[in-house]
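Please keep the sequence and the structure at hand while reading.

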Amino acid sequence: QLQLVASGGALVQPGGSLRLSCASSGSSLDRYAIGWFRQAPGKEHEGVACISSSGISANHADSVKGRFSVSRDNAKNIVYLQTNSLEAEDTGVYYCAALFGQCSIETLTNKAQTVTAVGSWGQGNQGTVSS
């Protein structure tokens, strides 16, 4: 399956912003819906946002709605996650993944559907929110 690499994580103060990027080593992303997930220490992966292959539709978890926004530039073969108004609870390793099937809110919130949609986890990137 397509392996993706997340980048752009950093240490940021509460209320700050980060823009995370997701890229592949060479394969085209435009056939895939892409999901963003995160994992806090000692916790399972949590769905954050996903976007359709065309970029026309997207879904965001309730915990980030209004603060995070997923987008993609298929011409550049990159998917972005803009994170604003960051809180300490947003701290974690952020992953992006090509999804088997469509982007839906259930893909983000239902653990069984997440496991089905995400074949394997690629390289994540640490984002830390702390003063």
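The structure is a predicted model, in which local features need pLDDT of at least 70 and side-chain atom pairs count only at pLDDT 80 or more, while totals for chains, interfaces and linings use all residues. Residues are numbered from 1 along each chain as its sequence is written, and side-chain values use heavy atoms, with hydrogens and water left out.

**Disulfides**

A disulfide is taken to be a pair of cysteine sulfur atoms within 2.5 Å. By this rule there are two disulfides. With the bonded cysteines of the chain numbered in sequence order, they pair as 1-3, 2-4.

| Disulfide | S to S distance | Torsion about the S-S bond |
|---|---|---|
| C22 and C96 | 2.1 Å | about 85° |
| C50 and C103 | 2.1 Å | about 75° |

The disulfide of C22 and C96 is right-handed, because the torsion about its S-S bond is about 85°. This pair links distant parts of the chain, with C22 in strand β3 and C96 in strand β9 (residues 92-99), 74 residues apart. Strands here are DSSP runs of E with at least two residues, and helices are runs of H or I with at least four, numbered from the N terminus. Both C22 and C96 are buried, where buried means under 20% relative accessible area, exposed over 50%, and partly exposed in between (1.4 Å probe, protein chains only).

The disulfide of C50 and C103 is likewise right-handed, given a torsion of about 75°. C50 lies in strand β5 (residues 45-51) and C103 in the loop between β9 and α1 (105-109), so this pair ties together parts that are 53 residues apart in sequence. C50 counts as buried because its relative accessibility is 0%. C103 is also buried, with a relative accessible area of 11%.

**Cavity**

A cavity is a set of points on a 1 Å grid over the protein atoms alone where a 1.4 Å probe fits but cannot get out, and lining residues have an atom within 4 Å of a point. Grid points are joined across faces, edges and corners, and the volume is the space filled by probe spheres set on the points.

A search of the whole structure finds one cavity of 30 Å³ or more. The largest cavity has a volume of about 60 Å³. Its lining is formed by L18, L20, T83, L86, D90, Y94, G127, T128 and V129. Strands β3 (18-24) and β10 (125-129) each supply at least two of the lining residues. The largest share, three residues, comes from β10. By class, the lining has five nonpolar, three polar and one charged residues; Ala, Val, Leu, Ile, Met, Phe, Trp, Tyr, Cys and Pro count as nonpolar, Asp, Glu, Lys and Arg as charged, and the others, Gly among them, as polar.

Technical notes:
On a 1 Å grid over the protein atoms alone, a cavity is a set of points where a 1.4 Å probe fits but cannot get out, and a pocket is an open set with protein on both sides within 12 Å along at least five of seven lines; lining residues have an atom within 4 Å of a point.
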